[in-house]
Amino acid sequence: MIEVPVIECVAGRGIRGDRYFDFKDDYKGQITFFSLDVFDQLCQMLGLRQRSPAEARRNIVMRNADLNELIDQDFEVQGVRFHGMQECRPCYWMNGAIAPGAEEFLKGRGGLRAKILNDCKLRSSADAIGVDARESLIASPLAREREG
């Protein structure tokens, strides 16, 4: 995964440059979100150090959001409107990419698949205001593997 300061969200199509851009009509995973709070809990539970939330292979990592509450809801981040579609369920490969036990730990909190409702650019808050990059990370979708 590659961290980038800006991504271009295109309504109904996805993230420009993403392997899922224009993947199929009405695709539920035009963009994916992951909770940094959940990642921190995962690291604590499994005793992991020096790991990146990009290993979860989600497009956007954010703090202080219960992503499951956003399923079937419209929400906004930095002027970009989204509609939460479903949980982005963890896959077996997370046990290899992150650590054994990651898939089980992430069941029910693996992230959120969403549709993009308006065209807009989304910026990393670290880039915008100079905070620690772990606070709000935008991971490039270019390397993201296709999920079921």
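Two strands are said to pair when DSSP finds at least two bridges between them. With that in hand, welcome to a short tour of this predicted model.

**E7 and its partners**

By the pairing rule, E3 and E7 qualify: three bridges join them in the antiparallel sense.

How covered is E7? Five of its five residues are buried, so to be called buried each has a relative accessible area under 20%. Leu-112, Ala-114 and Ile-116 point one way from the strand, while Arg-113 and Lys-115 point the other way.

Where does Lys-28 sit? Its place is the loop between strand E2 (14–15) and strand E3 (31–35). Lys-28 has a relative accessible area of 40%, which makes it partly exposed. Setting aside neighbours within four places in sequence, its contacts are Met-85, Gln-86, Arg-113, Ala-114 and Lys-115. One of these, Gln-86, also takes part in a polar contact, side chain to side chain, with Lys-28 at 3.5 Å. Arg-113 is 85 residues away from Lys-28 in sequence, yet their C-alpha atoms are 6.2 Å apart in space.

**Ser-35 in strand E3**

Another residue to look at is Ser-35, which belongs to strand E3. Is Ser-35 buried or exposed? With a relative accessibility of 6%, Ser-35 counts as buried. Its side chain reaches two backbone nitrogens, that of Asp-37 at 3.2 Å and that of Val-38 at 3.1 Å. Not counting residues up to four places away in sequence, Ser-35 touches Met-62, Ala-65 and Leu-67.

**Aromatic pairs**

How many aromatic pairs does a search of the whole structure find? The search finds six. Two of the pairs are set out below.

| Ring pair | Distance between centres | Angle between planes | Geometry |
|---|---|---|---|
| Phe-23 and Tyr-27 | 4.9 Å | 70 degrees | edge-to-face |
| Phe-33 and Phe-82 | 5.1 Å | 85 degrees | edge-to-face |

Why do Phe-33 and Phe-82 tie together parts that are 49 residues apart in sequence? Because Phe-33 lies in strand E3 and Phe-82 in strand E6, their pair links those parts of the chain. Phe-33 is buried, with a relative accessible area of 0%, and Phe-82 is likewise buried at 0%.

Arg-109 lies over the face of Phe-105, at 3.8 Å from the ring centre.

**The three-stranded sheet**

Elsewhere there is an open sheet of three strands, ordered E2-E1-E8 and paired antiparallel. Which strands stand at its edges? They are E2 and strand E8 (120–123); each has a single partner strand, so one side of each is left without a neighbour in the sheet. Strand E1 (residues 6–10) is joined to E2 by two bridges, and the two run antiparallel. Across that pairing, Val-10 stands opposite Gly-14 in E2.

Finally, a word on confidence. The chain has a mean pLDDT of 84, and 84% of its residues reach 70 or more. Where is pLDDT under 50? It stays under 50 over residues 127–148, a stretch for which the model has 74 contacts beyond four places in sequence. Where pLDDT is low, the predicted coordinates should not be read in detail.

Notes. Residues numbered from 1 in each chain as written. Predicted model: local features only at pLDDT ≥ 70, side-chain atom pairs only at ≥ 80, totals over all residues. Heavy atoms only, no water. Helix = DSSP H or I, 4+ residues; strand = E, 2+ residues; numbered from the N terminus. Buried < 20%, exposed > 50% of the residue type's maximum accessible area, 1.4 Å probe, protein only. Contact = heavy atoms within 4.5 Å. Polar contact = N/O pair within 3.5 Å; in protein donor to acceptor, adjacent residues only side chain to side chain. pLDDT = per-residue confidence, 0-100. Phe/Tyr/Trp six-rings, centres within 6.5 Å; stacked < 30°, edge-to-face > 60°. Lys NZ or Arg CZ within 6 Å of the ring centre and 35° of its normal.
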